[in-house]
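Please look over the structure shown below before reading the briefing. The points that follow are grouped by topic.

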Amino acid sequence: GKFPVVVDFFEKRGGADVVVKYSGPDTGGTPVLLRVSEAAIPVTVAEESPPVQEESAPSPVPEAPVAPESEAATGLWVGEYWVLPEDMTDKIENLPDFATLGEPQTVIKSEVLDLDHNKFEALGFKDGFAARWTGEMEVKTPGAYLFYLTSDDGSRIYVNNVLTVDNDGLHGPREKTGTIDLESGKFPVVVDFFEKRGGADVVVKYSGPDTGGTPVLLRVSEA
């Protein structure tokens with residue numbers, strides 16, 4: 001089922017940190033950062049209290065700059081997962097024909113595509129599976145956008161219905177890149193992936209005018 005989670009925190013002076021992880025049957029016993037489900041419960045924000053006069057404190061240490069990301073990127077990747085038959089897993093060397101796989105075993109939504117062996121296992125997938133993630137990215141500033149696709153095993157990414165990066169085949173973690181010119185607007189993005197056996201990874205990043213040229217994890221816009 002779904003259960004409400006509340007985290008309370010306060011900071012007086014100096015350093016400030018808060019990290020929330022959990023582990024259990026849903027994570028295969030591996031501690032992972034706690035993510036909340038899509039249907040978030042309403043949160044009441046307390047009104048600010050009047051400022052309290054205190055002794056002057058040391059100036060805070062400036063934080064490292066954060067790479068800019070699209071402000072409209074608030075949606076979720078829709079991931080369809082298939083468990084491949086054992087005989088198919090034995091023979092597979094390239095991405096399968098997804099049209100022949102039938103209905104997916106499950107659909108899992110993700111904020112970003114940054115998955116490794118442990119994260120896949122926490123989702124219930126280890127060897128012999130395929131996945132297809134779909135979403136829509138929003139471009140504010142037209143120009144050339146570079147896409148970075150890392151995977152183990154094979155993967156491909158299609159941007160605006162164009163094959164932009166081909167990283168197919170059996171291999172360990174490997175990054176490939178591809179560039180596409182995009183105008184302002186929203187464009188469909190599809191990422192195909194398969195895993196035979198052993199390690200499993202998939203990471204999708206991009207860079208371009210909207211990111212100041214800095215590679216960042218690709219987030220999709222809200223539908």
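In this predicted model, threonine 150 stands opposite glutamate 175 in strand S10. Threonine 150 also has a bridge partner in strand S12, namely valine 203.

**Strand S7 and its partners**

- Strand S7 covers residues 143–152 and pairs with strand S10, residues 174–182, in the antiparallel sense. Nine bridges join S7 and S10.
- S7 also pairs with strand S12, residues 201–207, again in the antiparallel sense. Here the number of bridges is seven.
- Strands of a sheet pair through backbone hydrogen bonds, and the pairing can be parallel or antiparallel.
- Of the ten residues of S7, seven are buried, so the strand is largely enclosed by the rest of the structure.

**The protein as a whole**

- The protein has 223 residues, and 33% of them count as buried.
- Its secondary structure consists of two helices and 13 strands.
- Among contacts with a separation of 6 or more, 73% are between residues 24 or more positions apart.
- The protein exposes about 14100 Å², and carbon and sulfur atoms supply 52% of that area.

**The six-stranded sheet**

- Six strands form an open sheet in the order S4-S3-S6-S11-S8-S9, with antiparallel pairing.
- Strand S4 (106–110) and strand S9 (162–167) stand at the edges with a single partner strand each, so one side of each has no neighbour in the sheet.
- From one strand to the next, the twist averages 20°.
- Within this sheet, strand S3 (residues 77–83) and strand S6 (residues 129–139) are joined by six bridges in the antiparallel sense.
- Glutamate 80 stands opposite arginine 132, which belongs to S6.
- Strand S8 (residues 155–159) pairs with S9 in the antiparallel sense over five bridges.
- Arginine 156 stands opposite aspartate 166 in S9.

**Leucine 113**

- Leucine 113 is found in the loop between S4 and strand S5 (114–115).
- Is leucine 113 buried or exposed? Leucine 113 has a relative accessible area of 0%, so it counts as buried.
- Beyond its neighbours within four places in sequence, leucine 113 is in contact with Trp77, Trp133, Val191, Val202, Val203, Val204 and Leu217.
- Leucine 113 and leucine 217 are 104 residues apart along the chain, but 7.3 Å separates their C-alpha atoms.

**Aromatic rings**

- There are ten aromatic pairs in the model.
- One of these is formed by phenylalanine 125 and phenylalanine 129, whose ring centres are 5.4 Å apart. The planes of these two rings meet at 45°, so the pair is tilted.
- Phenylalanine 125 has 7% relative accessibility and phenylalanine 129 has 1%. The cut-off for a buried residue is under 20%, so both count as buried.
- Tyr81, Phe120, Phe125, Phe129, Trp133 and Phe193 are linked into a cluster by ring pairs.
- Arginine 132 lies over the face of phenylalanine 98, at 4.5 Å from the ring centre.

**Backbone details in the loops**

- Most residues other than glycine have a negative phi, and most peptide bonds are trans.
- The peptide bond joining aspartate 152 and aspartate 153 is cis, with an omega of about 10°. Aspartate 153 is found in the loop between S7 and S8.
- How many residues lie between the strands in the hairpin of S8 and S9? This hairpin has two residues between its strands.
- Asparagine 160 lies in the loop between S8 and S9. Although asparagine 160 is not a glycine, its phi is positive, at about 55°.
- The relative accessibility of asparagine 160 is 31%, so this residue counts as partly exposed.
- Asparagine 161 also has its place in the loop between S8 and S9. Its phi is positive too, near 65°.
- The relative accessible area of asparagine 161 is 66%, so asparagine 161 counts as exposed.

Definitions and conventions. Residues numbered from 1 in each chain as written. Predicted model: local features only at pLDDT ≥ 70, side-chain atom pairs only at ≥ 80, totals over all residues. Heavy atoms only, no water. Helix = DSSP H or I, 4+ residues; strand = E, 2+ residues; numbered from the N terminus. Buried < 20%, exposed > 50% of the residue type's maximum accessible area, 1.4 Å probe, protein only. Contact = heavy atoms within 4.5 Å. Areas by Shrake-Rupley, 256 points an atom, 1.4 Å probe, with all protein chains shown as cover. Pairing = 2+ DSSP bridges. Axes fitted to C-alpha atoms, helices over the stretch in contact; angles between N-to-C directions. Phe/Tyr/Trp six-rings, centres within 6.5 Å; stacked < 30°, edge-to-face > 60°. Lys NZ or Arg CZ within 6 Å of the ring centre and 35° of its normal.
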